[in-house]
Amino acid sequence: MTRGHLTAAAGTLVALALLAGSAAALPHREPEPSPGPLRLVSFDTCAEALTRLRAAASASVGPWGFQPGWRSGMAPGGLAEPAMVPKTADGARAAGAAAEHSGTNNHEPGADEPDLVKTDGRRIVTVTGGVLRVVDPATRRATGQLDLTGGGRFGWSPDSLLLHGDRALVLARSAAVRPTPGLPGVRRPATAPPADMPAGPRLLLVDLAGRPTLTGTYRVDGSLLDARLTGPTARVVVRSQPRLDFPVLGEDATDAQRLAANRAVIARAGLDAWLPTYDWTEGGRSGDGQVGCDRLSATADSTGTVVLTVLSFDLAAGRLGDGDPVSVAGDADTVYGTAGSLYLAGQRQRPGQLRPRGWLGSGDPTTVIHHFDTGAPGRPRYLASGAVPGTLINQYALSEWQGHLRVATTSGDERGARPATESAVYVLTRRDGTLTRIGAVSGLGRGERIHSVRYLGPTGYVVTFRRTDPLYSLDLTDPAAPRVTGELKITGYSAYLHPAGEGRLIGVGQEADTNGRVQGLQVSLFDVADPARPTRLAQYHLPRAGAAAEFDPHAFLYDPRTGLVALPVHDGSVLLLRVTDGTVTRAGAIAHPGRAPVARSVLVGSTLWTVSHAGLRASEPSGGTTLAWLPAT
């Protein structure tokens, strides 16, 4: 195994600087200067790295393994996997004969995000049920398909992809699940692959130039966190836990005995337990490897329970290779990317005090953010780290603009009948390797928590909710003095906000009564032209319903040319709405045979395509009239 000293100059993912978390912001208090960074842990040898990881993991482990809150009386339970997060349409137009088309609903232009359908105007590529399908939208005919599940024997099901030219990078979450160590009665799932098949996400490279052909595969330990495609470079973030087999003791064992046994396992573990392994295939060749200790870095207060790995693949090269992996012994649950930056963010964990994601209880939660430069091909270059009080709702809480990072968080304790919570927006800038706080506006939504955030250049919008929905408009023009300019209180809330032209904003969420009980899907059109007086111009309410875009706005489609909004809803159909300058009206609905739930919709030319596991339907977007049905075969 290679040994080496970690340095930023060497181009590796250096150990990440953390800022000590400050207390939750008080209403409208000027931010205090950011505390000095906790210095980086740099490993001169692999032995030093092992000593550091053993110590951190031993302090973090409990009687039942690495379980959140084991010292605070919480029941054993795994860390929640991150949900997919909201995005916005990129509207990119392909070169050549490509038809005008909608794009994936990405958060930022220039940073494409994986989804189950992609189109470049010449072809539509989907991956549903583990099968990749290619459709020619001009002729409305299927032109190829490829089963990526190995006939079901591999135990994984691809569920998203990235598209660059004639190549698709398909992302598959493995069905192989490692039982939680130390918990009696946990059995291997019947759908899992054979015991000798290594677990972990798979990346599958498919050539689309002719008949879809699998040209390479890649597997790595852990679980897929997220990915971004900037130019031809795909960067995939994987979250791994150490491979430690804690013993299963009898029911008469005490917690002290279980804890001692677990710590003994950690004391005997080698560095291989933490370093992720990977394997790859390419044509008739194959290989494997492990992240070297010269590619491993650590946060100064790492818990030793999680390793993040960033993989970089050049899709233009037509091969995956070893992914040029770099790892950090630290945690994150949110990935935010722009055309030139990658941010990893997550709730700061302390040894022995692990908490579930988004926990707002006793103590002061802190969000740690790490910034990387992705402007050049290859592995990302580490730039800086910082921290802000509170927790994020998703990647839309983050926004890079004119050299600054805006971050919206909720802090405080939400337990009990009268939650002591409030929200804030912080502005950070990079100084000497630190994301330093230079401005803040706080005191938003006391007793509530953030449900959605949207930044549009120098303006920000924040929705908080408990019983009513305050929509705050923020002026972020001066990064040192952000301020609230207006507030609108209505019932219900918006879980996703989407720009709809100058001075207009579409909100998708839930209506609620005055006590905060939700009443069904609500689509609102807001007038935000006057920052001091945001108003709601129109509302569409569908009782006892919900939309997938509330949780995964990849499912949101908006056509600014016609005002069309397409939303997959609770009954499996796609609801078509028409948004004008002052109205939101129903235009129709599209359903698939057998009530197969429609997951996505895309526009190619003047045709609306909807996607489900049953197939693709081409429809007329003004009312949903069927033009063609392409069943999955």
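The following conversation goes through the predicted model shown above, one topic at a time.

Me: To begin, how many helices and strands does the protein chain have?
Reply: In this predicted model, the secondary structure of the protein chain comes to two helices and 43 strands.

Me: And what share of the residues is buried?
Reply: Of the 633 residues in the protein chain, 56% count as buried. The chain exposes about 24300 Å², and carbon and sulfur atoms supply 51% of that area.

Me: Next topic: how many disulfides does the structure hold?
Reply: The structure holds one disulfide. Cys46 and Cys293 form it, and their sulfur atoms are 1.8 Å apart. A disulfide is a covalent bond between the sulfur atoms of two cysteines.

Me: Which parts of the chain does the pair of Cys46 and Cys293 tie together?
Reply: Cys46 lies in helix H1 (residues 46-60), whereas Cys293 lies in the loop between strand E16 (285-290) and strand E17 (296-298), so the pair ties together parts that are 247 residues apart in sequence.

Me: Is the link of Cys46 and Cys293 left-handed or right-handed?
Reply: The link is left-handed, with -45° about the S-S bond. Both Cys46 and Cys293 are buried.

Me: Now the largest nonpolar core. Which residues have the most contacts inside it?
Reply: They are Ile369, Leu398, Leu405, Val407 and Val425, in a core of 28 residues. Several strands each supply at least two residues of this core, among them strand E21 (341-347), strand E23 (381-389), strand E25 (404-413) and strand E26 (420-431). In soluble globular proteins, nonpolar side chains tend to be buried together.

Me: Is Val388 buried or exposed?
Reply: Val388 counts as buried, because its relative accessibility is 1% and the cut-off for buried is under 20%. Leaving out residues up to four places away in sequence, Val388 touches Thr366, Thr367, Val407, Thr409, Tyr426 and Leu428. Val388 and Arg437 are 49 residues apart in sequence, while their C-alpha atoms are 8.0 Å apart in space.

Me: And where is Leu456?
Reply: Leu456 is in strand E28. With a relative accessible area of 31%, Leu456 is partly exposed. Apart from neighbours within four places in sequence, Leu456 is in contact with Tyr461, Pro499 and Leu505. From C-alpha to C-alpha, Leu456 and Pro499 are 8.0 Å apart in space, and they are 43 residues apart in sequence.

Me: Let us turn to the sheet with E40 in it. What is its strand order?
Reply: The order is E40-E41-E42-E43, in an open sheet of four strands with antiparallel pairing. Its edge strands are E40 (600-604) and E43 (626-631), each of which pairs on one side only. On average, neighbouring strands of this sheet are turned by 20° against each other, direction ignored.

Me: How many bridges are there between E42 and E43?
Reply: Strand E42 (residues 615-619) and E43 pair over five bridges, in the antiparallel sense. Leu616 stands opposite Leu630 in E43. Strands of a sheet pair through backbone hydrogen bonds, either parallel or antiparallel.

Me: Last topic: what is phi of Asp324, and what is phi of Arg595?
Reply: Phi of Asp324 is near 45°, a positive value in a residue other than glycine. Phi of Arg595 is near 55°, again a positive value in a residue other than glycine.

Me: Where are Asp324 and Arg595 found?
Reply: Asp324 is in the loop between strand E18 (307-314) and strand E19 (326-329), and Arg595 is in the loop between strand E39 (584-590) and E40. Asp324 is partly exposed at 22% relative accessibility, and Arg595 is partly exposed with a relative accessible area of 47%.

Technical notes
Residues numbered from 1 in each chain as written. Predicted model: local features only at pLDDT ≥ 70, side-chain atom pairs only at ≥ 80, totals over all residues. Heavy atoms only, no water. Pairing = 2+ DSSP bridges. Axes fitted to C-alpha atoms, helices over the stretch in contact; angles between N-to-C directions. Disulfide = S-S within 2.5 Å. Buried < 20%, exposed > 50% of the residue type's maximum accessible area, 1.4 Å probe, protein only. Areas by Shrake-Rupley, 256 points an atom, 1.4 Å probe, with all protein chains shown as cover. Core = buried A, V, L, I, M, F, W, Y, C linked by side-chain atoms within 4.5 Å. Contact = heavy atoms within 4.5 Å.
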